[in-house]
Amino acid sequence: MSDATKSAAPPTIRLSDYTPPAFSVEAVSLDFELDPAATVVRSRLHLRREGHGRAPLVLDGDGLDTRRVVLDGRELKAGDYRLDETSLTIDGVGDAFVLETECVISPQNNTALSGLYRSSGNYCTQCEPEGFRRITWYPDRPDVLSVFTVSITGDPDTNPVMLSNGDRIAEEALDDGRRRVTWRDPWPKPSYLFALVAGDLGCLADTFVTRGGREVSLELYAEHHNIDQCDHAMASLKKAMAWDEAVYGREYDLDTYMIVAVDDFNMGAMENKGLNIFNSSYVLARPETATDADFDGIEGVIGHEYFHNWSGNRVTCRDWFQLSLKEGFTVFRDQEFSADMGSRGVKRIGDVNLLRAHQFPEDSGPMAHPVRPDAYVEINNFYTMTVYNKGAEVIRMLYNLLGPDQFRAGCGLYFARHDGQAVTTDDFVAAHEDAANRKFDQFRRWYDQAGTPRVTVRSEYDADARTCTLHMSQSCPPTPGQKNKQPFHIPVRGALFDREGRPIASRLAPETDAVHEHVFELTGSAQAFVLHDVDAPPVPSLLRGFSAPVKIDTGASADHLAVLMAHDDDPFNRWDAGQQLALSQLLAAVERIVDGGEPTFDDTYLDAFGRLVDSDIGDDALHAAALTLPDHSIVAEELRTIDPQAVHTARLTLLQTVATRFMDRLLARYDAFVPEPAYAFGPAESGRRALKNRLLGLITAGDAETGARLALAQFERADNMTDRMGALSPVCAFGAPGAADMLSRFYDDWRDQPLIVDKWFRLQTASPVMGDAARLRELMAHPAYNAGNPNKIRAVLGAFSHGNPVQFHATDASGYELLTEQVLALDAVNPQVTARLVGAFNAWRRYADPWRSAMHAALTRIHERPGLSRDTFEIVSRALAGDD
């Protein structure tokens with residue numbers, strides 16, 4: 001990295017530099033005159049100086065064409081203020097004053113999809129984290145809260161719907177034929193929660209009566225032809241509102257709650273106060289068009305954004321370093337909501353699989369950062385699995401340490417104490433300390449230290465003393481900027497079973513009651529926990545429910561894991577015992593392949609898998625998860641040096657081994673699901689389909705022709721998208737006969753449904769057989785591909801670079817070349833999406849050659865591009881850090 005490049009680096013923002021805002025905004029009025037090319041935005045800010053300094057007023061802006069600046073009724077001349085690309089500065093302002101500005105922006109040219117932009121002919125906004133400054137001059141930071149009044153003027157023919165936050169307070173027809181609608185949100189909010197939507201949209205309307213008896217109007221907007229796909233989203237919203245009242249005592253606080261589905265959106269959804277804007281993929285669903293996973297995803301995301309009304313809106317974050325304050329807490333809330341709506345065990349498995357496959361690698365890579373980061377260049381890059389999902393695990397640890405009653409009391413105190421405020425993660429922990437009369441000083445290290453701790457446990461049984469001693473130790477590897485780590489406060493839920501799988505009750509102290517499960521609070525580098533009254537040699541079940549986001553080494557033998565796999569009464573640990581057995585087999589197979597040998601697998605694991613095929617565990621969705629091997633990225637994360645082709649070969653060979661060995665049993669179990677009943681959505685029905693489709697995948701892995709025949713028959717009789725995708729996925733993944741014909745039919749049937757076309761793209765781009773770089777280039781030339789639409793980019797380039805390790809890591813570097821070309825082409829168009837893509841190179845140092853050298857060359861090429869966005873620059877420069 002040259003000195004010239006270093007000098008051109010954008011500035012780093014640091015938590016340690018935080019200072020409170022110099023001015024508050026007591027009220028803001030916005031007036032929009034909509035025009036695709038030149039929307040006029042007039043703002044009127046009532047500002048008040050905070051403190052006794054005489055600092056000038058500095059407002060944030062980005063790409064604004066400023067026409068007027070008026071201070072207390074006096075129009076300022078150019079020399080009265082300083083204007084540059086990102087700031088408006090006025091010296092000599094008083095302690096209280098009114099500032100008016102008039103700007104012009106171009107929504108139709110806003111390809112970054114941040115601020116006010118156009119999507120499918122409609123206007124919409126995305127202001128989190130710093131998009132509001134692309135609309136008007138403002139102190140665009142989350143600790144400036146104000147009451148917003150918003151007027152929108154537009155052509156009633158093209159914009160019959162014009163929405164903003166809060167409640168509609170006025171509507172009038174203007175003499176020139178246009179229409180003006182005025183909205184007022186009575187709750188103070190930061191600018192990132194501002195929203196505006198305008199266009200020609202259909203509406204699904206309903207009502208919800210709060211526990212306090214107030215009727216709330218529910219309005220869900222989408223393009224007219226999509227309204228018939230909104231019923232599930234509406235039902236999910238009503239479930240979420242009722243759940244939040246029952247579990248957290250939180251009622252909705254406005255007369256209207258609105259959701260708008262848009263096709264062009266960088267994120268999944270946005271919790272703008274009273275006016276949520278959603279990626280259409282998290283709203284639109286019918287059985288014919290959406291899978292069970294889509295239905296579950298919609299329910300979870302609808303809940304997540306609604307829950308933000310309290311955990312993020314009424315109580316918001318002081319600065320963007322505190323992002324997990326709202327996101328980690330709300331992810332925990334939506335996870336618990338989804339668990340209550342469906343299978344708790346399966347939900348926990350899915351959440352942990354996501355964490356292990358994506359957050360653990362993040363914690364071991366160049367972008368490793370604490371749940372509360374201490375520095376950033378571009379805050380968009382810190383909407384990460386660490387902030388969201390690991391942040392949720394930090395909240396879950398508090399829940400495990402306190403128990404449900406004390407945790408609920410702590411949340412209630414937090415909401416009551418900080419309603420209407422912008423606060424920090426320390427404030428959240430302090431509320432729980434005060435409610436429970438406990439201290440969590442050491443626990444706060446979870447917010448300050450990056451990395452995934454590793455917990456090692458060894459058990460010692462003393463038959464004479466009837467005790468089992470659990471010797472626990474913890475360590476955490478160095479991460480960028482944090483070489484030495486202090487011990488974490490880790491809750492380890494644990495229980496004992498005998499060798500036959502029967503639960504053992506024990507005492508953590510001689511004077512306590514004997515119970516089956518304990519919470520061991522590991523706070524030191526090494527500790528011993530003694531369990532008393534243990535009458536038989538035990539099989540420990542540890543980290544039950546995944547009680548902490550750590551890697552755990554229990555030293556369990558294959559026989560002990562087999563006992564837990566068959567008998568553990570914790571659904572997560574029962575599943576995880578099988579995963580650990582499989583992982584040990586896969587790691588050994590990878591080592592043999594790298595050394596030039598053939599992969600082989602132990603009969604202990606194969607026999608356990610066979611018993612699992614035949615078992616009836618009472619939850620079909622859990623059964624399907626148990627029959628699934630650890631993900632490629634989970635296997636790779638355990639390797640010191642990664643050979644992606646060896647990992648793929650090991651997984652494929654194990655799949656084929658179990659499938660061929662137990663083919664008759666798999667076929668018999670699959671046949672028992674045929675013919676299928678008429679589609680219904682519910683936990684039992686979804687579980688049945690999940691198990692059936694998992695069996696079909698195994699059959700296809702072991703016998704492509706048989707799998708193809710069964711898949712085609714299922715495809716043709718399917719009355720729902722879950723079973724269509726369940727048929728298509730294995731034939732595409734394994735290159736089974738007839739895959740191309742089935743894909744062609746699928747596209748012909750659904751070519752007019754963009755979200756289903758995304759599935760068609762993804763089936764190919766994520767296929768280790770079909771999705772090579774050459775096919776990617778063909779798909780990007782397809783008429784259905786749109787490089788301006790984030791969903792299409794994710795379905796093609798995202799699925800390829802993050803979900804197809806075989807072809808992305810092709811030994812000829814064709815996958816790297818393709819992604820590099822696209823990153824350089826897209827960076828100036830949509831930096832936020834581009835930065836997500838380039839993260840596929842982050843772990844390059846951990847790979848063997850030739851992959852390591854080829855990824856390094858790709859990163860260097862990107863880094864040397866002049867004018868790189870801050871988003872992409874930060875990801876690439878951190879990946880190359882120390883590579884001078």
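Author: A residue is said to line a cavity if it has an atom within 4 Å of a point of that cavity, and a cavity is a set of points where a 1.4 Å probe fits but cannot get out. The model discussed here is a predicted one.

Reader: What makes a residue such as Ser119 or Leu284 part of the lining of the second largest cavity?

Author: Ser119, Ser120, Asn122, Leu201, Ala222, Glu223, Asn226, Ala261, Val262, Asp263, Ser280 and Leu284 line this cavity, and therefore each of them has an atom within 4 Å of one of its points. The space inside comes to about 70 Å³.

Reader: How do you know which classes the residues of this lining belong to?

Author: The lining divides into five nonpolar, five polar and two charged residues. Asp and Glu count as charged, so Glu223 and Asp263 are the two charged residues of this lining.

Reader: Why are E13 and E16 called a pair of strands?

Author: Two strands pair if at least two bridges are found between them, and E13 is joined to E16 (residues 196-199) by four bridges, so the two strands meet that condition. They run antiparallel, and Ser164 stands opposite Leu196 in E16.

Reader: What makes E10 and E13 edge strands?

Author: In the open sheet of four strands, the order is E10-E11-E16-E13, with antiparallel pairing. Strand E10 (115-119) and strand E13 (161-164) each pair on one side only, and this makes them the edge strands. Neighbouring strands of this sheet are turned by 15 degrees against each other on average, with direction ignored.

Reader: How do you know that E4 pairs with E8?

Author: Four bridges join E4 to E8 (residues 87-90), and since a pair needs at least two bridges, E4 and E8 therefore count as paired. These strands run antiparallel, with Leu59 opposite Leu88 in E8. They belong to an open sheet of three strands in the order E4-E8-E7, whose edge strands are E4 (57-60) and E7 (82-83).

Note on methods:
Residues numbered from 1 in each chain as written. Predicted model: local features only at pLDDT ≥ 70, side-chain atom pairs only at ≥ 80, totals over all residues. Heavy atoms only, no water. Axes fitted to C-alpha atoms, helices over the stretch in contact; angles between N-to-C directions. 1 Å grid on protein atoms, 1.4 Å probe; cavity = no way out; pocket = protein on both sides within 12 Å on 5 of 7 lines; lining within 4 Å. Points joined across faces, edges and corners; volume = space filled by probe spheres on them.
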